[in-house]
Amino acid sequence: MEWKVWLLIENKLRGLLVSLLVLFISFLIFVSYGEFFSLLSLLILVFSLSNFFFPIKYKIDNDKITVEKPFWRREISIREIKRIEKIKAGIFISPYKKSGILDSFRGIVVITKERDTLYEFIEKARNFHNT
C-alpha cells in the first residue's frame, strides 16, 4: 500500500485560514521587530506546522512501514510493532507495549481514511511475522 496525505490541499478553507494567520503573525512581528525576526518567525511557524503544509507519503508492505516528509524519513519494521491503536485521524503505531509520555516521539501516526482496512492489514502482517 502506498498513498500521500496533504492536509493543506484536503482542507482548503482551513489551509487558507492557517496560511493567513501565519502571514498575519509574521506581519505583526515585521512591524514590531523588523524583517529579520519576521522571516525567522515565518520559517519557525511554517516548519512547526510542516505536517499540515507539506505532503506526507506512506508506504506499507509486509515487512516495514515507511513515512516520508520533506525533511524527515522514518521506517519501522513490522516485527518492532508492539501496539496499534485506532485514533481519529487514522492509526497510531508504537514499538512499546505500554502507553507513555513519550509516545509522540517513539511512535508513528499514520493518517488515513481507511483506518479499519489498514489496521487489519498491519495486524495480519504482525501475526505472520510472529509465527
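## The pocket

The largest pocket has a volume of about 410 Å³. A pocket here is an open set of points on a 1 Å grid over the protein atoms alone, where a 1.4 Å probe fits, with protein on both sides within 12 Å along at least five of seven lines; lining residues have an atom within 4 Å of a point. The volume itself is the space filled by probe spheres set on the points.

Lining it are 17 residues, and N51, V67, K69, W72 and S104 lie nearest its centre. Two or more lining residues come from each of α4, β2, β3, β4, α5 (103-106) and β7, with β7 giving the largest share, three residues.

This is a predicted model: local features need pLDDT of at least 70, side-chain atom pairs count only at pLDDT 80 or more, and totals for chains, interfaces and linings use all residues. Numbering starts from 1 along each chain as its sequence is written, and side-chain values use heavy atoms, leaving out hydrogens and water.

## The sheet

Four strands make an open sheet in the order β1-β2-β3-β4, paired antiparallel. Strands are DSSP runs of E, at least two residues, and helices are runs of H or I, at least four; two strands pair if DSSP finds at least two bridges between them. Strand β3 (residues 64-69) joins β4 over six bridges, and I65 sits opposite I76 in β4.

I81 touches I65, I76, I93, S94, I122 and R126, leaving aside residues up to four places away in sequence; touching means heavy atoms within 4.5 Å.
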